[in-house]
Amino acid sequence: MSEAKLEAWHEENRKFAPSAEFAAQANAQPSIYDEADANPEAWWRRQADRLTWEKAPTSTLEWDLPNAKWFSDGTLNASVNCVDRHVAAGRGSKVAYHWVGDREGESRTITYADLQVMVAQAANALVELGVVAGDRVAIYMPMIPEAVVAMLACARLGAAHSVVFAGFSADALSSRILDSDCRYVITADGAFRRGAPSPLKPAVDEALRSCPDVKAVLVVRRTGEDVVWTEGRDYWWHELVERQPTEHTPEFFPAEQTLIIMYTSGTTAKPKGIYHTTGGYLTHVATTHHYIFDLKADTDVFWTAADIGWITGHSYIVYGPLANGATQVMYEGLPDSGGKDRWWKIIEQYKVTILYTAPTTIRTLMKWGEEYPASHDLSSLRVLGTVGEPINPEAWMWYREHIGANRCPIVDTWWQTETGGILVTPLPGISVTKPGAAMRAFPGISVDVVDNEGRSVGNGEGGYLVVTKPWPGMTRGIYGDPARFLETYWSRFPGVYFAGDGAKRDADGDLWLLGRVDDVMNISGHRLSTTEVEHALVGHPAVAEAAVVGASDDTTGQAIVAFVTLRLSADDASKDQTEVIEEIRAHVARVISPIAKPRQIILTPELPKTRSGKIMRRLLRDVAENRHLGDVTTLTDPTVVNMIAGLMGSHTGSED
Ligand code: WTA
């Protein structure tokens, strides 16, 4: 074998078995797969006993495609499961969150007993404002403990929370408030980012101009900056919440009570309000958290480095870990707030044992250099996880070597907003992992890889990832749009859930995720649809037409590249093109979020179209990724593409 071939062989056959010591003590033992396979529903029903039910369910699954009910005759309260029951069991003094602020030196320790008081007071305050079971409450907050408290207070009252990532614009916030008819908003005056205050309340004020039905806004004082105040609508958290009684008697709700609404991008311009209910979701996230991260609640310090504005934060900062009584780190800042070794400092200081983050962050940390982790004691770590996008083997290996000291199992976890919790993953202590492979379905979960006709592919082949049986954490639908739910997920292949991801089975039958197969882009692990960004672009007065593609990017996984034709007024024509491009980029940030800002905008007099007038995205992606252009004969005007390719080098937006 030539040296290059030998190297390739080693790459493909690189496998890492868990140590015998880890395996012996792991929560998941190899028999778990057979136990679950024997009767998945019965297995999930046993997992539901991890929760404290007021009335234990006698039913397990009721399935009428695409509508699932799990444990439907059971009743419970999610906040009691996450907080009160741990205090009642004598674990009130256990730390729930070591909260670490963006600014160095700022931290808070919140025990389960503290959390119980905070949630009770917040629930009492929401009752005073008029919140009742079945209401929807929007939460637009930075990563502070009050964000978790706000979520749990809603859950306690049987109201669904719709958390909107605080990086989203006023427009994005108002459309989400309107779509699910939220009557209450919980927010903060602002957040801290790399030490500087960054306002949030003005975006809420702007959003609410088009949301006349919002009755009350509860505002946490975080930065102390001046805010505009609407009397009779706005309430300070420190005034209203902190004067409330410190006890609140919970009510219990049916397992299928809506707990969460979380908007996520689909293939159209309108984000989907994915909703989750209580009993199945909590069972799913508590069970997966226990086995996949091997959580030992008494000794572990768990850290999901994500924002509560995404599903990862919901399932693995709030509901899963709290249901399991874990001690966590919750961090407000960016990976380099206060220096490029900030994360490693936090791990050293709090003796973090389990770290869960996204490949894009790992690649950034990798770029900064291994001297940063090397200068800190990371020996407390014992399990590492990743989520959000396919992880490239190089980043996986760096994570293993430089963070995990070649000792910590890595769990590459595949899931989605829609799935509620992890579905495909290795299990530490069992799986012989491969860099870049998510390996296999979690116990009790059935997935398959199918071809265009829905036939299961063999080992060594690729296709579409589908889930073939209902699972407890699955979304119960798209808020207010059952037809779109059926159409998007349950119509591509009969009888199974279509995830929208490509996947391959390797020679051993293990799964590798290959990214989206639709017009959903994955930018630093954030989902955005090409149409959503195109809509924002054409909303700018200077833009006539726009086409957006996700081009591969070394750090962010994918990056947005926009091809734009201008409708130039006399005024614009006098402007420098770079100025126009910057204006358009800023416009997209304003309309959606800074995360949606195109990395590059390419101005072109025409877009390449098929004879039927469809924009040729595949071709634009090739152009954006500098690939060979292939057959362009179906273009109305083949010269357009070559011209666009020529423009790539010249008119690019600045990177920031
Ligand atoms: C992608 C995040 C490969 C995938 C929890 C999915 C992944 C989308 C992985 C969901 C992974 C998530 N390997 N791809 N381990 N995890 N994805 O809804 O394309 O924000 O469809 O949920 O992220 O993104 P969402």
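Predicted model: local features only at pLDDT ≥ 70, side-chain atom pairs only at ≥ 80, totals over all residues.

Q: What is the cut-off for buried?
A: Buried means under 20% relative accessible area. Asp-294 is at 2%, so it counts as buried.

Q: Where does Asp-294 lie?
A: Asp-294 is in the loop between helix 11 and strand 16 (301-304). Its phi is positive, about 55°, although Asp-294 is not a glycine.

Q: What about Met-439, what is its phi?
A: Met-439 has a positive phi of about 75°, and it is not a glycine either. Met-439 sits in the loop between strand 20 (410-413) and strand 21 (447-450).

Q: Is Met-439 buried or exposed?
A: Buried. Its relative accessibility is 4%.

Q: OK, helices now. Which residues of helix 3 are buried?
A: In helix 3 (residues 31-38), the buried ones are Ile-32, Tyr-33 and Ala-36. They cover an arc of only 100° around the axis, so they are on the same side of helix 3.

Q: Why would residues a few places apart point the same way?
A: An α-helix has 3.6 residues a turn, so residues three or four places apart point the same way.

Q: And what is on the other side of helix 3?
A: Asp-34 and Ala-38 are there, and they are exposed.

Q: What covers the buried residues of helix 3?
A: The cover includes helix 4 (40-47) and helix 11 (279-292).

Q: Which residues of helix 4 are buried, then?
A: Pro-40, Trp-43, Trp-44, Arg-45 and Gln-47. These buried residues pack against helix 3, strand 2 (67-70) and helix 11.

Q: Strand 2 is new to me. How do its side chains point?
A: They alternate along the strand. Ala-68 and Trp-70 point to one face and are buried.

Q: How many bridges join strand 1 to strand 2?
A: Four, and strand 1 (residues 61-64) runs antiparallel to strand 2. The two strands form a hairpin, with two residues between them. Asp-64 has Asn-67 of strand 2 as its bridge partner.

Q: Where is the cis peptide bond?
A: It joins Leu-65 and Pro-66, with omega about 5°. Pro-66 is in the loop between strand 1 and strand 2.

Q: Which residues form the nonpolar patch on the surface?
A: Trp-63, Leu-65 and Leu-486. Together they have about 230 Å² of accessible area. Leu-486 belongs to helix 17 (residues 482-490). At 36% relative accessibility, Leu-486 counts as partly exposed.

Q: How do strand 14 and strand 15 pair?
A: Antiparallel, over six bridges. In that pair, Met-262 stands opposite Ile-274 of strand 15.

Q: Last one: where is Val-387?
A: Val-387 is in strand 19 (residues 383-387). It is buried, with a relative accessible area of 9%.

Q: What does Val-387 touch?
A: Leaving out residues up to four places away in sequence, its contacts include Thr-312, Tyr-356, Pro-359 and Trp-415.

Conventions:
Residues numbered from 1 in each chain as written. Heavy atoms only, no water. Patch = residues over 30% accessible without salt bridge, like charges linked within 9 Å, V, L, I, M, F, W, Y side chains within 5 Å. Areas by Shrake-Rupley, 256 points an atom, 1.4 Å probe, with all protein chains shown as cover. Salt bridge = Lys/Arg side-chain N within 4 Å of Asp/Glu carboxyl O. Buried < 20%, exposed > 50% of the residue type's maximum accessible area, 1.4 Å probe, protein only. Arc of directions from axis to C-beta. Contact = heavy atoms within 4.5 Å. Pairing = 2+ DSSP bridges.
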